[in-house]
Amino acid sequence: MSGGAPVPVLDVRGLTVSVGGTTLVQDVSLTVAAGECVALVGASGSGKTVTARAALGLSAPEATVRVDRLAVAGLDVRGYSERRWRAVRGSRVGYVGQEALGALDPLRPVGREVADTLRLHTRMTAAERVEAVRHALSAVDLDPDTATDGRLAGTLSGGMRQRALIAAATIGAPALVVADEPTTALDAGVAVTVMEQLRTAQTAGAGLLVITHDLGLVAGWADRVVVVHDGRVVEEGPVASVFAAPEHEATRALVRAAEHGSTASRAGAEVAAVGDAVGDADAEAVGDADGDAVGDAVLVADGLRRAFGGLVAVDDVSFRLPRGRTLGVIGASGSGKTTLARVLLGLEAPDGGTVTLGGEPWVPLRERDRRHRRRRVTAVVQDPGATFDERWTVERVLADALSDGDARTARGALGARVDAALGQVGLGPALRGRSPRTLSGGQRQRLAIARALATDPEVIVLDEPVTALDATVQDAVLTLLERLRDSTGVAMVFVSHDLRAVRRVADDVLVVHGGRAVEHGPAAEVFERPSHPVTVRLLGAADRLAAGPDAGAA
Amino acid sequence: MSGIAEPRLQADASGAAGGRSERFRGGTLGPAGLVAAGVVAVAVLAAVWPALLGGGDPLAVHPERALQAPSWTAPFGTDESGRDVLARIVAGTRASLVVGVVATLVGGVAGVVLGVVAGLGGRAVDAVVGRVTEVAFALPLLLVALVVIAVTGPGPVPAMLAVGAATAPGYARIVRGLVRTARRSQVVETAVLLGRSPARIVLRHVLPAALWPVVAVATLGVGQAVVWASALSYLGVGTPPPAPEWGAMLADGRTYLQTAPWMSAFPGLAIVVLATAVTVLGRAVRRTGAVR
Amino acid sequence: MRREHRHASATWRGWVLWGLRRAAGGIGVLWAVATIVFVAIRLIPGDPALAILGGPGSQASAEAVAQVRHEYGLDRPVLVQYAVFLGRLASGHLGDSYAFRTPVATLLGQQLPVTLTLAVLGLVVAWVLAVVAAWWSTQRGRFAAALTGALSVTASVTPHFWLGSVLIVVFASALGWVPAVSDGTAGGWVLPVVTVAVPVAGYLAETVRDGVVDAQRSAFALAARSRGETRAGLFGRHLLRHAALPGIALSAWAFGSLVSGAVVVESVFALPGVGRALVTAVTQRDMPLVAGIALVSAATYVVVLAVADLVERVVDPRADGGRARRGGARAPRPGRGVAGAR
């Protein structure tokens, strides 16, 4: 922090926002000083985004906003009309939203989007604007020619888009930068770059407000933390002390999730499980972490290839998955791991190579020859909501899965099985009549897991199962997966770019880059002593993200 | 076990939060929908029981009372033969409603069949049907209708067939698009992963997803069909005189536009009101979620 | 992850190929239309020879009928007639109208420009009305939105023939601002164009409005506002483009609807267009004229589709027109909580 009395670039006191009769945010107070990074942390629905948007005057039109004090960059913006707000937005406060995928107008050239703030708030000529945009783009490590070549957002990758958005938000040198979930859905390497860009704005003197559900993300980057829960601020203070001694239950859950994410590993968890599970028979079922009692291979992939046009997505990938073991497949976005998962599931026919299931051919194979064995391999995807027919209830989803497609309702014995399936994943029988679309993200994923287990499969393929969930919910679902894996002995293929998640559940790890398998081995080894430079880079990025900008000092 | 991390989870596990089936998301029709429903109800009543609403015989000719302005005895005035305009409008409701609904059914069913075939079939089938619908689109609706009527002769039934034939390609295109989208959806992919047979997937997931929205579109189509059928009558190729049909009444009223504007105003209003009501009602029903 | 490429037609070769593809498709459509018309007319009851001689009421002798049949080739086998028909069309001969005894091409040459002008002007007016309605219903508060919505729905089901009469009574007879029927002046076009445009405007307004509302909820709209974009700027630079896309596709369909509307409107306003001729042609079984009209309208439709495609590419330079995102469910989505209180 700079010396002298820090000028707050954001000063909020007593903010209350309600929609209809529901209060979303109650009596929230928050300050951000110049050059300071404050993290606003909470689960989904806790009101953090609502708070941030109120600070920009961008609350939903039907919302009622009451506040005792609201000062942005020194201006008292209470009661500002829309017209006066427009002068403030972009010039005094910049906003980086969470949906990088859609936050750049897909029909407008990126260069123009970045130049907008200048066009709206300064009197620079077109040529001067172009120069400024070029400068801003190279500052975020993008090609400066983007300023004038008319290229569209669709030609940029997710990480590049987010960086362009940061350039667009900071080009006006605002005093306050608000970043709402800036690294969601980005893999660690890209996330580090994004955080670094934000850091640059901060060191240039701006105040930074980062909103996130993941305490682990900001632990290394923020100066102070403000925790919201159910619309209220429940705890705040310097990052280190909040981490060391969380007081509120919500904070404790966040800290727990963050710690599990960074330090947990398969071996570590097992030691903890054996210790905790007093008298728990499952403790005996916990297999061998060292890799000797391997068992025969339930899934064998050999030389898989898949290309789309000229682009090779999977290139000569082979592995063996022993019964009851979990294989983590890690790689950056675009490395081909999702295509690999789809090939394993038989959703795409590979251009070359085979997969056998329990010794019998599995891929490539005519669907009608494979259909009766489908029950042995099931899947859990990133966004389960779209996999549920919107007309079906929870009960029907499970009844259908348990009865191989015959039952629509679950009465009698089938009903008991549905309840048992729900209980197995931590859901209550009261949810039976609900539509899956009305469940929370975590509940939906649990339902998807229950559906995947319903047929008593030998292998479950999971493609980014927790990436779309809040940190605390991720923690809970991963815990569930660990427990289920131990109690049912099912083999899993866990595909993800999130190393923290893979570290928790995987026995063996396969590292994918550019469609090729560059490293393969027991998790403990790959994570402790990575041999391939790609693996080193991935691990390094994850560590950097957790540690923050002063990595050495951490 | 998860502690406070998922408070909603705990609340639901104890059954506190609402859990009725979300199928019929209740919701009211809204003020516009209610008004529209009322109008349609009146129209249906007029179609079923004309005597209840408009006094008099629609065909009764009273030359001595020709071209009278609206009055107590004839609230909508009389036409050139002394017939009561109100009575004719009420009597014409049945024809308009029936033609509108039947024409939409004809077009809808034909379109759905074509669309489903194109959507489920392979590339060749899709291409063929696609070309056919493109050709059908290339001909203006009225041209198709006129040609159909030229072949079959005028009358209410040919009018229904003509309008139905002309609107079928529109439905076909919509249904085809919906079927194709449904085929690629994650719901279908999940069903494949669960090992369901193609027939079951189509029946349980693809068709319902594609067909329910068509019902919503069809209610809008009824309004359009009413207008087009009236257009055919106006041109003299629909229901023959002296039957009370709104379009024909407008044609009759054309010559008396300056002297007896009520002959044209009220039938036209009737068309607009009925078609609008049906459209608004269809939209409101769709918004309640009962038909998604 | 695959990146979208710059539009393939951004090259000369791309455009030429596009043109060839459309031309080939267009010829296919025209051939199909010609065949359908041929078949349809054959199905119409009644003897064309009689129609040529003046209708079933004329007291034509058997020799006269036979002579006419021979003259017009009506006594040859069907397939031969079909071949001759196609051959003549391909060489540009549309034949002579039975009823008017003049070449169809000449007739259409006089009438087509009228109908096309009416349709094109109608489309332009409809678009203007639709954009204004979209602006009003999204930027001016609840009451304006409800009012515009109601007007749009009503407009879309307003019958032309009735609207035309009402407009004539109000603006021509009562107020005298414009002439009631076309008299060759520009003023004579006002009422017909408005009449034919209103129903289409109703549809377009709804579509464009829905598009604007959709776009308003998007992430890029929020991002633009967060930079201080003005309301007008947001509407003009961002929302309208996105909303226009479905409207452009609709316009192609709407053109057909406009031509159909022209048929009726030309009767009401006494415009010497193709529509008026069509009704008499069909009722009098004047096959060459019907065929000519059908073919011309099909050709127009093919051109309109091509133009719509062009315009769409200009408005949306993405290679796949956004279909990848609209259709695919596989794009990874960033985490979003249930409450989603954005």
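A:Glu181 is buried, with 26 other C-beta atoms within 10 Å. Here a residue is buried if 20 or more other C-beta atoms lie within 10 Å of its own, exposed if 12 or fewer, and partly exposed in between, with C-beta atoms placed from the backbone. This is a predicted model: local features need pLDDT of at least 70, side-chain atom pairs count only at pLDDT 80 or more, and totals for chains, interfaces and linings use all residues. Residues are numbered from 1 along each chain as its sequence is written, while chains are lettered from A and ligands numbered from 1 in the order in which they are written.

**Two loop residues with positive phi**

- A:Glu181 sits in the loop between S8 and H7 of chain A. Helices (H or I, at least four residues) and strands (E, at least two) are DSSP runs, numbered from the N terminus.
- The phi of A:Glu181 is positive, near 50°, and this residue is not a glycine.
- A:Ala173 is not a glycine either, yet its phi is positive at about 50°.
- The loop between H6 and S8 of chain A holds A:Ala173.
- Is A:Ala173 buried or partly exposed? A:Ala173 is partly exposed, with 13 other C-beta atoms within 10 Å.

- Strand S8 (residues 176-180) of chain A is mostly covered, with five of its five residues buried.
- In a regular strand the side chains alternate between the two faces of the sheet.
- Both faces of S8(A) are covered. A:Leu176, A:Val178 and A:Asp180 lie on one side, A:Val177 and A:Ala179 on the other, and all are buried.
- S8(A) pairs with strand S7 (residues 93-96) of chain A in the parallel sense, over four bridges. Two strands pair if DSSP finds at least two bridges between them.
- S8(A) also pairs with strand S9 (residues 207-212) of chain A, again in the parallel sense, over five bridges.
- Which residue of S8(A) is the bridge partner of A:Gly94? That partner is A:Val177.
- In S9(A), A:Val177 has A:Leu208 as its bridge partner.
- S8(A), helix H7 (residues 188-203) of chain A and S9(A) make a right-handed β-α-β unit. Right-handed means that, with the strands pointing away from the viewer, the path from the first strand over the helix to the second runs clockwise.

**An antiparallel sheet in chain A**

- Four strands of chain A form an open sheet with antiparallel pairing, in the order S13-S12-S15-S16.
- Strand S13 (311-322) and strand S16 (360-363) of chain A are at the edges, each with a single partner strand, so one side of each has no neighbour in the sheet.
- From one strand to the next, the twist averages 25°. Axes are lines fitted to C-alpha atoms, for helices over the stretch in contact, and angles run from 0 to 180 degrees between N-to-C directions.
- Strand S15 (residues 352-357) of chain A and S16(A) run antiparallel and are joined by three bridges.
- A:Leu357 has A:Glu360 as its bridge partner in S16(A).
- The peptide bond from A:Val363 to A:Pro364 is cis, with omega near -10°.
- A:Pro364 is in the loop between S16 and helix H14 (367-370) of chain A.

**Where chain A meets chain C**

- 51 residues of chain A are in contact with 33 residues of chain C. Two residues are in contact if their C-beta atoms, placed from the backbone, lie within 7 Å.
- Helices that give two or more residues to this side of chain A include helix H1 (48-55) and helix H4 (110-121) of chain A.
- H4(A) gives the largest share, four residues.

**Chain B**

- Chain B has eleven helices and zero strands.
- Of the 292 residues of chain B, 52% count as buried.

**Confidence**

- The predictor gives the complex an ipTM of 0.80 and a pTM of 0.80.
- Chain C averages a pLDDT of 77, and 83% of the residues score at least 70. pLDDT is the predictor's confidence in each residue, from 0 to 100.
- Over residues 323-342 of chain C the pLDDT is below 50.
- Where pLDDT is low, the predicted coordinates should not be read in detail.
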